[in-house]
Amino acid sequence: MARIFAYILHKAGVADDSAAELISAARAIDPSAPLTAIVTGFGADLDVVCSGLRASYAEIWKISNEVLAYPNAELIRQALVKILPAGCVVLAAHEHFGIDLAPGLSIKTNASFVSDVIAIEGIEDSHLKLVRQEFGGQVSAHVRCDIASGVVITIRPGAFKQVENAAVNGIVVDKSSEIGALTARRRYLETIVAEAGDVDITKHNVLVSVGRGIQEKDNIGIAKELAEALGAAVSCSRPVVDAKWLEKSRQVGSSGKTVKPKVYLACGISGSFQHLAGLKGNPFIIAINKNPKAPIFQVADVGIVDDILEFLPELTTKVQEARGVSVK
Amino acid sequence: MEILVCARRVPDTSENDIQLNSAGNDIERDDLVYSINESDNYAVEEALQIAAKFGGSVTVATVGGEDDEEILRREMAMGANHGVLISDDAFAGSDGRGIATVLAAFVRKGRYDLILTGVQADDGAAQVGGMLAAMLDYPFASLVNSIEILDGNKLKVGREIAGGNREISEIDLPCVLSIQTGINEPRYVGMRGIRQVASIPIPTPSAAELGIDPATVGEMAARVKRIDYFVPALGKGAEMLSGSREENIDKVVNLIAAKGGLK
Amino acid sequence: MVESIQSVPHVSSLLVQARILLLLIHVLGTACFVYIIARRLVPLFKAQRDFRFDRPWQRLGRVGKFWMGQWKHPRYPGAGVMHILIFAGFILLATRAFALVLGLADTVAVPANIGHIYDIVKDYATTIVFVCMLVAMIRRLVIKPARYAVPERYGKGHPADAIFLLALIALLMVGDSLFAASKAAFQTRLGQPEEFLAVLSLPWMFKGVLVPASLSSLQHIHFAGYLLHDVTFFFLLCYRPFGIQFHVETSLFTVFFSKLDRGTLKPVRWGVPDEQLEQVKSFGVKTFEDFTWKHMLDFYSCADCGRCSDNCPANAAGRPLSPRFLTIKARDYAFQHYPMFGKARFGNSGNGKPLIGNLYSEDEVWSCTTCGACEEECPLLVEYIDKIVDLRRGMVDDGNVPQSLQKPLKALESRGNPYGKSEKKRVDWSKAKDFQTMCEVKVLDGRHADGVATADTLYFVDSITAFDDRMQSIGRATAKILDHVGTNFGILGAAERDSGHEVRRFGEETLFMALRDHNVEAIKNSGVQRIVTADPHAYNALKHDYKDVPPVEHISQFIAREVKAGKISFKPVKDEKNVYTYHDPCYLGRHNQVYDEPRDVLDAIPGLNRVEMKRCRDRSFCCGGGGLMLFYEPKEEERIGVKRVRMAAEAGANVIVTACPFCMVNMEDAIKVAGFEGKMTAIDLTELVDQQIAGDVQADTDERNEVEVQPDEPVLMPWY
């Protein structure tokens with residue numbers, strides 16, 4: 001069986017949640033295949049991450065180099081090409097780094113490539129059967145991938161269970177010297193942090209989140225009133241930001257903020273995975289949507305099929321009564 | 001600056017309801033409206049703006065058949081100088097790698113300083129751009145939401161990363177970039193514009209003209225194949241409240257209070 | 001011994017005989033004027049053509065009504081009456097002025113009777129004009145009506161200029177009065193029969209003051225008065241073309257050449273039929289010279305009165321549009337770039353700067369709902385809608401369309417409706433369960449083999465009524481009404497496309513033509529003899545934008561006729577406490593002048609209390625706009641619709657009746673936003689008629705929230 005490698009993302013010495021998810025994915029491919037974590041970076045942070053991974057990965061390949069201090073997919077790809085054995089399986093998270101790294105890596109290693117995988121069904125004579133989604137998540141598809149010469153797979157964050165306790169005592173192997181010279185035709189300059197905005201939605205316990213179902217900018221006020229009554233903040237999904245009805249700082253999702261509230265009211269939000277990717281920490285999700293088939297009802301705890309433009313104002317009134325605030 | 005945009009014609013998913021067909025092996029395509037993939041359209045607009053500022057021309061290419069010509073005409077009506085339909089029976093059934101192989105052969109026949117694609121299309125694979133760059137051995141950046149021309153040899157690009165932040169890098173030309181939606185505001189293309197370009201000839205290079213070995217593309221060469229489409233059985237999901245609106249509201253208020261949301 | 005006052009031309013108190021001085025003034029003044037007018041005409045020769053010479057008698061009739069008759073002026077009574085007086089004064093004094101200038105005042109003998117009557121008239125006219133000038137100055141300086149104000153973003157006002165002009169006209173009156181008064185005083189002093197001066201007129205009062213003066217002073221005053229009048233006359237003549245007073249010269253022409261066909265739009269290019277449009281290089285107005293000569297004449301003619309902007313709903317809502325400044329800015333542009341001396345100033349570019357981005361902002365042009373209130377108010381009949389549409393055509397041609405509009409336009413192109421839904425779903429409204437059993441709606445798929453059409457009446461549904469969940473009830477109500485009187489009607493079903501009315505008014509002419517041609521073909525194939533629609537936008541399109549289709553009427557006209565014929569009768573309203581008011585939709589009322597029929601229908605319902613809003617009929621306040629306007633996201637302070645429902649509340653109404661699905665959308669939306677939910681409802685005329693028709697089994701076809709009746713509050717209309 002081919003070796004499986006998991007590319008580990010990390011920040012400030014802490015491995016990303018996907019590191020634990022990649023283990024499940026690897027097990028779904030072949031529980032008996034040797035699994036190795038690959039971590040790139042530089043300095044103390046890198047060492048901390050590597051030692052932290054020893055509890056879940058049997059082998060950790062550490063690649064330390066000053067030029068890799070910031071994860072530059074162009075450089076890392078070159079490094080991986082040098083050290084990866086032929087015909088292996090490479091797993092990575094399908095997010096902004098994985099999207100950057102993986103397709104090109106598959107070409108350079110002559111491996112197959114499948115992205116944004118949500119389930120892995122297993123191997124059947126050098127073909128791997130997996131599940132992906134298409135058309136914005138509206139349909140799923142079974143996919144068959146020839147892995148005879150290896151495969152690079154990106155998995156959807158959150159689609160696979162996090163393996164908390166793998167009960168291993170892994171070893172860290174320093175591969176830094178094997179990567180050779182790296183040519184930097186893309187050079188990292190800086191990261192521009194998103195504008196703070198007037199409200200930090202990541203700090204709120206209760207969020208009133210609106211999606212396309214709010215229909216127009218003027219209706220945002222309805223959500224604002226409810227948020228005010230609840231002592232909560234208004235957040236939103238991407239379409240609301242694209243339409244410029246709310247600032248980017250209010251967006252929950254893979255290209256927005258990650259939030260961990262206690263209670264999350266999803267109002268007129270369909271429940272795309274990019275949006276849900278920004279919801280962590282197992283909040284209590286109450287979903288209100290006109291469409292009974294909206295995917296959000298799959299992940300919500302409580303669902304109500306109703307028109308948010310009528311439901312929310314009435315809810316606001318009830319909340320105000322409950323709190324003893326006078327109704328305007 | 002010679003810019004190539006690789007585009008694709010896809011079903012318009014934003015308004016369309018995607019349903020499975022009765023056989024269960026594809027989506028119901030009868031009633032679908034097709035258009036250029038959204039992020040590809042943003043890429044063309046970006047290319048046009050760059051060409052307007054710095055000079056040069058914009059070519060839009062797609063791998064496909066007769067039906068796909070309409071998106072080329074649309075982008076030419078938008079202002080692209082050339083449209084190319086790369087067409088050959090040998091390409092049918094290609095996977096992403098196959099498409100990238102065809103595009104790479106096309107690029108090698110020409111001279112392009114900058115190659116743009118959209119981040120992803122209807123299958124959400126987000127692969128062709130990265131693959132194409134690797135085949136050509138050009139530097140690559142994905143999820144690009146800003147481009148600044150520094151000089152004839154390099155660009156400054158911004159990438160969309162988590163938390164709404166932007167990662168700024170310098171990248172050497174020639175390069176491949178995959179463009180994210182929202183990078184600009186694409187101009188409108190009206191029926192009149194399309195009619196005006198209706199009779200401009202669109203070249204259709206074949207596999208032979210591009211020196212592509214048919215064994216490397218098409219269905220036979222595809223390593224990734226879709227077996228079917230399906231709609232997953234719905235799991236337990238949410239507890240759906242079924243009372244009157246007033247009853248539902250009462251329940252919601254109680255739930256919020258119970259979960260600590262009403263302080 | 002002085003026998004009589006020396007006539008002015010003979011005065012030679014200067015070195016030169018006055019005759020020569022005056023001749024100089026007159027010749028120079030006239031030459032200046034002619035030169036100025038010629039320069040002002042230059043851009044008109046560069047402009048696009050405009051076919052305005054047809055139907056000359058009809059045009060002359062309009063000159064009689066609107067120019068001579070000052071028809072629109074009394075709409076603002078204060079300023080209106082004053083202007084009528086000033087205008088009348090000008091017309092009456094014109095004869096006098098020319099006589100003075102040509103030196104005929106003293107020499108030509110007019111038959112005594114006519115002369116006397118004219119003298120009285122002219123004296124009073126002079127006085128009234130003078131008094132009006134004073135009143136006007138007080139209005140400008142003290143009262144300052146809101147509509148004259150110049151918001152900062154449009155530049156500076158010219159109050160000093162206005163006062164200056166008013167003062168000059170007053171001076172004109174004073175000069176003439178001094179001339180006449182001094183002569184009369186002279187004659188009085190000499191005991192001669194005096195020039196007749198009307199009692200209490202200005203010259204009469206001057207004469208009273210001047211009588212004690214010496215003869216030589218009087219002689220000087222006589223000459224001075226004449227000179228004052230003369231110089232002021234020519235100065236004004238030459239000064240007027242530099243400001244708003246130019247309308248004195250141009251108004252006659254502006255009115256004569258004004259648009260005769262309400263509700264229509266100018267073609268992309270006059271003289272270029274649809275089939276040849278492909279050859280036109282550039283659509284719409286992008287630079288100033290793309291306007292037609294009549295539009296440029298409009299810019300010259302604006303009197304800056306502000307009545308248009310005062311009635312503009314977009315302006316009232318705080319959108320960046322002010323029709324008045326659309327015109328004034330263009331006028332200033334013309335003045336600046338086509339100066340009196342030297343070539344037209346364009347800088348480097350060949351033919352003028354693009355208007356959008358320099359003179360006008362995009363939002364300014366997209367903000368217009370094409371309601372026509374501005375055109376209805378303008379006393380000079382200045383046109384606006386054609387200009388806005390032309391500017392939009394230019395922007396569409398350049399690809400400069402707001403993102404929020406691109407999606408519905410693309411959907412209209414691919415699916416024939418702005419929602420992007422399948423054409424097959426256009427019949428779904430007629431397939432609602434309970435409805436279908438009551439009323440069968442035929443789909444007119446084409447002629448039968450034997451050539452007989454399957455229906456004689458087409459119900460043109462149009463997109464919003466077909467697809468919008470709420471508006472589908474209008475479709476059902478309309479169908480039931482048609483059915484009730486036994487009309488043999490059908491719908492086009494999947495063959496129907498959006499009428500394209502807004503598509504055209506948003507500047508997408510090519511897409512409009514495609515929709516139109518498709519619909520015309522489908523209508524022809526259906527073989528119907530007449531068309532009925534409940535959508536005023538479709539009504540206007542079928543009536544004015546489409547050619548070669550059967551005659552069309554709005555459902556309100558249909559119902560009114562059937563009521564009169566006794567084929568429809570009503571049962572009394574359930575609750576007489578409800579107060580109804582009718583909101584005139586722009587494309588039914590103002591553009592097509594269908595005001596009475598809907599009201600007749602409402603008044604035929606027993607027990608229905610109806611009130612009129614202050615702004616009704618041709619002064620109706622637009623709901624906010626229909627069609628593509630529903631997709632446009634304007635920057636505004638308060639929604640147009642919200643302002644309208646407040647007007648309804650002010651009139652004491654709690655039910656707004658409309659006859660247009662777009663008005664309905666905006667009214668219902670506005671009721672929510674204004675916080676009137678539960679206190680006010682909106683209902684379409686067809687829904688109300690369907691509800692009140694006597695002799696039909698009423699089934700609960702459309703579920704709506706039943707409004708609770710609360711004690712001590714106005715009883716609300718239960719809607720089911």
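Is C:Phe288 buried or exposed? With a relative accessible area of 1%, C:Phe288 is buried (under 20% relative accessible area, with exposed over 50% and partly exposed in between, using a 1.4 Å probe and protein chains only). Bear in mind that this is a predicted model, where local features need pLDDT of at least 70, side-chain atom pairs count only at pLDDT 80 or more, and totals for chains, interfaces and linings use all residues. Residues are numbered from 1 along each chain as its sequence is written, chains are lettered from A and ligands numbered from 1 in the order written, and side-chain values use heavy atoms, leaving out hydrogens and water.

Now for the rings. Over all chains, the whole structure holds 30 aromatic pairs (Phe, Tyr or six-membered Trp rings with centres within 6.5 Å; planes under 30 degrees apart are stacked, over 60 edge-to-face, the rest tilted). One of them joins C:Phe288 to C:Tyr338, a tilted pair at 6.4 Å centre to centre with 45° between the planes. C:Phe288 sits in the loop between helices H8 and H9 of chain C and C:Tyr338 in the loop between H12 and H13, so the pair ties together parts 50 residues apart in sequence (helices are DSSP runs of H or I, at least four residues, numbered from the N terminus). C:Tyr338 is buried too, at 3% relative accessibility.

B:Arg192 lies over the face of C:Phe283, 3.5 Å from the ring centre (the cut-offs are NZ of Lys or CZ of Arg within 6 Å of the centre and within 35 degrees of the ring normal). Within chain C, C:Arg140 covers the face of C:Tyr148 at 4.2 Å.

Key. Helices (H or I, at least four residues) and strands (E, at least two) are DSSP runs, numbered from the N terminus.
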